[in-house]
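User: I have a few quick questions about this model. Can we go through them one at a time?

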Amino acid sequence: MTTMLEPLRRIAAYAVCADSVGRVLLVRASERSGTPGTWSLPGGAVDHGEDPNHTVVRETAAETGLSVAVSGLDDVLADMRALPERGITIHTDRLIYRVSVRGGTLTDRVDRPTDLARWVTPTEARELPLRAFTARALGLPASSADVVPDEPPEFPSFYAVPGPDGLHRAQRFAAYAVATDPDGRVLLTRVSDGYPGAGCWHLPGGGTDYGEQPGAALIRELVEETGQQGRLVELLGVASHRDAASLGPEGYPIDWHGVRAFYRVMVDQPAPPTVTDVGGSTCEARWFAREELGALPADRLTEVTAEAVQAARLA
């Protein structure tokens, strides 16, 4: 039964790479993988503290022999799959990047989790057993044989493990909103005392739950933190930040690596902000006019907020 499997989470980055005649680069999972014989985009797990942009370059080179350059972010999605033979269920947050080839020679690997790398046409790809996330990225019907759990297993929102440097490590995926109303005001939240960044203004949002899609998590968090109903407009980007010795309510330093997707969200019918999740990391929510946002000192904004506001061209 999949409900009895140990739950794990990871963050991964993948490359959509097309050549001049429209073929796409795919890799085949070997017998050493959890899904042997299936085909997917090149890519893999994000190491602790690693920027996903670097992950996709590193993993594509390792799996295909090609050096690539990242040109953009296409999608962010999540999925679960059960691996009963390994006794685990994995939730993976997948970042899908567009890349182009800079150099190298297409190479197959031996005795690795992937064993073949090929350029394939869209027609050929349609006939392959594609992983579900790969089919979605390529706009093709899914034909994956992944075993999907009937329901998400219980998994703590906070999960830290001892690291090699003596600090506990935690890698967390989160989704945040650059939320605006019809008058162009921007919605921000203030970080509670006792949490990293206390007193700073932050984007509404937070960590996604096990089995939850980023967009759905964001809309849920928007209600919990501000009382606003919003709709997703577009994916703006992904930020990667590491705080190597962050002291929070846990009471001991943690080496945090946060990977955060941020979206433009429209609140069509704004209301006075209300923090419904009392006692959490958010103590206040407020609408800011553009000029008020621009007047905030840089050190009163969290890193991801400053990046997202710039990406959305609000400041």
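**Working through the model**

Analyst: Keep in mind that this is a predicted model.

User: Where does F158 lie?

Analyst: F158 is in the loop that runs between α3 (132-138) and β8 (161-162).

User: And which residues does F158 touch?

Analyst: Leaving out residues up to four places away in sequence, F158 touches E250, Y252, I254 and W256.

User: What about T276, what separation do the C-alpha atoms show?

Analyst: The C-alpha atoms of F158 and T276 are separated by 20 Å. Along the chain, these two residues are 118 residues apart.

User: Switching to cysteines. How many disulfides are there in the whole structure?

Analyst: The search of the whole structure finds 0 disulfides.

User: Is C200 buried or exposed?

Analyst: C200 has a relative accessible area of 11%, so C200 is buried. The limit for buried is under 20%.

User: And C283, what's its relative accessibility?

Analyst: C283 is at 38% relative accessibility and therefore counts as partly exposed.

User: Different topic. What does UniProt list for the Nudix hydrolase domain?

Analyst: The UniProt record, an unreviewed entry, lists residues 7-142 and 170-310 under "domain: Nudix hydrolase".

User: How much helix and strand is in residues 7-142?

Analyst: That span is 18% helix and 47% strand, and the end C-alpha atoms of residues 7-142 lie 24 Å apart.

User: And residues 170-310?

Analyst: For residues 170-310, the figures are 19% helix and 41% strand, with end C-alpha atoms 27 Å apart.

User: Now sheets. In what order do the 3 strands of the open sheet come?

Analyst: The order is β3-β2-β7, and the pairing is antiparallel. β3 (39-40) and β7 (114-120) are the edge strands, each pairing on one side only.

User: How many bridges join β2 to β3?

Analyst: 2 bridges join β3 to strand β2 (residues 24-29), and the two run antiparallel. V27 stands opposite S40 in β3.

User: Last one. Which strands does helix α1 lie across?

Analyst: Helix α1 (residues 52-64) lies across β2 and β7. The helix runs at about 70° to β2.

Terms used:
Residues numbered from 1 in each chain as written. Predicted model: local features only at pLDDT ≥ 70, side-chain atom pairs only at ≥ 80, totals over all residues. Heavy atoms only, no water. Helix = DSSP H or I, 4+ residues; strand = E, 2+ residues; numbered from the N terminus. Contact = heavy atoms within 4.5 Å. Disulfide = S-S within 2.5 Å. Buried < 20%, exposed > 50% of the residue type's maximum accessible area, 1.4 Å probe, protein only. UniProt positions renumbered as here; feature names shortened; annotations may be inferred. Pairing = 2+ DSSP bridges. Axes fitted to C-alpha atoms, helices over the stretch in contact; angles between N-to-C directions.
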